[in-house]
Amino acid sequence: MKVNYAGTVSLSTVDWRGRAAVAIFFRGCPLRCPYCQNHPYLQGPNPVELDFVKEQIRKSKPFVSAVVFSGGEPLIQDAIVPLAEFAREMRLAIGIHTNGCCPEMVSELVKQKLVDKFFIDIKAPPDDPKLYGKVTGCGESEAVKEAPEQITASVIKTLEIVDSCGLEMELRTTLIRDFIGSPQEIASIAAWISKHMKNRELTYVLQQGIPEYSLQEDLRKLRVLERDELYELGKIAKSFLENVRIRTKESGEEVISDSL
Ligand code: SF4
């Protein structure tokens, strides 16, 4: 079996908070978010043997306690299953970064007990397909085959599966000034999570998008949202949810405290 492979970070401390992990990046994604910063991973095949990727994991094993599968979108490739099995054999914890568009694979991995933590994008309010479509490049790129309503249905299904199995879960929204992340939009996302997710331990993270690296050229000139602006948006989310954090290049990861 081949892996459409993008690369490995042998020792990462930023892909799974609190763990040293080896991060494996898969190539390809069914979405084209205009702010995507991993767009070099979106196109073109780079097939490598499964054993090559296993070897990347094996080499990091002495230094890490976990493997994170990321991308692109790792769950569009069947190779994720044998790679997660291999990580289990190596006694590594398994984290998956996903855009939520592959609920069938989520279900399969959960059934086989091949995941310990999901990190799931919630790019816009799931009950607003029009906005979700804009943020995921629907209508902008022929690469996006699904309609906005299909994307939100898949994301909701993914969230429901992970919520009902009780696994650790981080939900994350990437914010870009004047594109996604207004106070109203953050309130809508946080309210949706609060209403639909039973897991009160989940963490919601607002991530600072870096416009200059965007896939879509006209976003590159936008001014980055600053740490203080993200913190204010985090306070809005905190009024709906227990565990809220922001992630910025200035200050790393910060918890939104109760003292508002
Ligand atoms: S940001 Fe969007 S397009 Fe880029 S890898 Fe993630 S889901 Fe795919």
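Ala, Val, Leu, Ile, Met, Phe, Trp, Tyr, Cys and Pro count here as nonpolar, Asp, Glu, Lys and Arg as charged, and the others, Gly among them, as polar. By these classes, the shell around the ligand in this predicted model has five nonpolar, four polar and two charged residues. Among the residues that surround the ligand are Cys29, Arg32, Asn38, Gly72 and Glu73, where a residue is near a molecule if its C-beta atom, placed from the backbone, lies within 6 Å of it.

Residues are numbered from 1 along each chain as its sequence is written. Because the model is predicted, local features need pLDDT of at least 70 and side-chain atom pairs count only at pLDDT 80 or more, while totals for chains, interfaces and linings use all residues.

The protein's secondary structure comes to seven helices and ten strands, which are DSSP runs numbered from the N terminus (helices H or I, at least four residues; strands E, at least two). In helix 1, residues 50-60, the buried residues are Val53, Ile57 and Ser60, a residue being buried if 20 or more other C-beta atoms lie within 10 Å of its own, exposed if 12 or fewer, and partly exposed in between, with C-beta atoms placed from the backbone. These three lie on the same side of helix 1 because they cover an arc of only 65° around the axis, taken from the directions from the helix axis to the C-beta atoms. An α-helix has 3.6 residues a turn, so residues three or four places apart point the same way. On the other side of helix 1, Asp51 and Lys59 are exposed.

Across the protein, buried residues make up 43% of the 260 residues.
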